[in-house]
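User: I'd like to learn how to read a model like this one, feature by feature. Can we go through it together?
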Amino acid sequence: MIKAKPEVEALTPYVAPLEGRRSLLRLDFNESTVGPSPKVVEAIRGLPPDAYAAYPEYAGLNEAYAASIGAPVENVQAVNGVDAAIKAVFDAYGDKGGTFLTTVPTFGYYEPCAQQQGMVIDEVPYADDLGYPLAAVTKKLEAAPRLFFVCNPNNPTGTMLAPEVVVALARSAPQTLVVVDELYVAFTGRSVLPAALALPNLVVLHSLSKAAGIAALRLGFAIGHRSIVERLRRVIGPYDINMFAVVAGKAALGDPEHMRRYVAQVHEARAWTVGELRRLGVRHHTGGGNYTLVWPPGDVEGVVRKLRDRGILVRSMAGKPLIDGSFRLTIGAPEQMQRFMTAFTAAASLQSGSLR
Ligand SMILES: Cc1ncc(COP(=O)(O)O)c(C=O)c1O
């Protein structure tokens, strides 16, 4: 066997259980539960076969996203999903022995990317109430780590920092590249843009995977200072984004009303779901984003299994620091959450009429 480089031999890969989910109600990965705009499907169906044979063309894609957020196109770069942007950030800026500052628990793909580069990982835990560890992070930034990620709102805790606070952190650490993962910005409506366009050490990541409903096609955007976007372009492959994603992305951006309607449905369903959990006396934690943490009474893995038997997927957080015993529940449309609540009440042996 030829060994890979030492960092890769030592790596714990990020593995998501993503098989066999299509026929189930997917409340486990924060995807859209209603799918994309019909205009996306129409656009893909309208592609002639010779579009499959040619390498993809990207004209108009960065422009369409830039227009949707009111940014100059030089500040925007399309990527093969935000995962690819995260990888590109580490490829471009993650030097061996440099410090990667982050919080824990957070999105699972940051850490293996840092490990691949041989970076030193410094993870600050959230507070017991899942509040952001602002004082500790502020102090750590004084040592000018190479890279600092803020997942805002954080997946899976929902913890949200005010954009002004994130910008102040970036200003306090001009030698640190600050990456703000705003994957759930459609649900919060709060962004560090436009400050990210002006500060030379701040970059923001957005995606069409969640609210826009095209997770399978893989399309995201890195938005930031021109100098950062230009460095990311250097490490991204020439044809990393496929033609279907280009066509779908433009069509999705051309129908913002579809996304707005879905976001409104999720807000309504979230309020209802949280109200029900409260009424049942079930511990939960909800912040920004289309998800909430739920601590079922008893064994979480057992409840997750029983929900699956009833055709509903949720993501177990068993064994994770601070959130052990919980599962992450994606909030979908109101009727889907009603279906979840009926199944959950049975799976967790709760009394549907109980008041505590
Ligand atoms: C916080 C966060 N960042 C990034 C990603 C990956 O997004 P994409 O589908 O655009 O690669 C996810 C997906 O769940 C996420 O929750």
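User: How many nonpolar, polar and charged residues make up the shell around the ligand?

Analyst: Sort by class: Ala, Val, Leu, Ile, Met, Phe, Trp, Tyr, Cys and Pro count as nonpolar, Asp, Glu, Lys and Arg as charged, and the others, Gly among them, as polar. Here the shell has six nonpolar, six polar and two charged residues. A residue is in this shell if its C-beta atom, placed from the backbone, lies within 6 Å of the molecule. Of the 14 residues around the ligand, the nearest are Gly81, Val82, Asp83, Ser207 and Ser209. One thing to keep in mind: this is a predicted model, where local features need pLDDT of at least 70, side-chain atom pairs count only at pLDDT 80 or more, and totals for chains, interfaces and linings use all residues. Numbering starts from 1 along each chain as its sequence is written.

User: Which residues of helix 5 are buried?

Analyst: Burial is a neighbour count: buried means 20 or more other C-beta atoms within 10 Å of a residue's own, exposed means 12 or fewer, and partly exposed is in between, with C-beta atoms placed from the backbone. Helices (H or I, at least four residues) and strands (E, at least two) are DSSP runs, numbered from the N terminus. In helix 5 the buried ones are Val82, Ala84, Ala85, Ile86, Lys87, Ala88, Val89, Phe90 and Tyr93. That's nine of the 12 residues, so helix 5 is largely enclosed by the rest of the structure.

User: What span should helix 5 have at 1.5 Å a residue?

Analyst: The expected span is 1.5 Å times one less than the number of residues. For the 12 residues of helix 5 (residues 82-93) that gives 16 Å, and the end C-alpha atoms are 16 Å apart, so the two agree.

User: How do helix 2 and helix 12 cross, and at what angle?

Analyst: Axes are lines fitted to C-alpha atoms, for helices over the stretch in contact, and angles run from 0 to 180 degrees between N-to-C directions. The axes of helix 2 and helix 12 (residues 243-253) come within 8 Å and cross at roughly 145°. As for who meets whom, a contact needs C-beta atoms, placed from the backbone, within 7 Å. Lys39, Val40, Ala43 and Ile44 of helix 2 meet Phe244, Val247, Ala248, Ala251 and Ala252 of helix 12. By class, that contact has eight nonpolar residues, no polar ones and one charged.

User: Which peptide bond at Pro153 is cis, and what is omega there?

Analyst: Look at omega along the backbone. The bond joining Asn152 and Pro153 is cis, with omega about 5°, and Pro153 sits in the loop between strand 5 (147-151) and helix 8 (163-172). Leu193 and Pro194 are also joined by a cis peptide bond, omega about 5°. Pro194 lies in the loop between helix 9 (185-188) and helix 10 (195-198).

User: Is Asn30 buried or exposed?

Analyst: Count the neighbours again. Asn30 has 25 other C-beta atoms within 10 Å, so Asn30 is buried. Its phi is positive, about 60°, although Asn30 is not a glycine. Leu130, not a glycine either, has a positive phi of about 70°. Leu130 has 18 C-beta neighbours inside 10 Å, so Leu130 counts as partly exposed.

Definitions and conventions: Contact = placed C-beta atoms within 7 Å.
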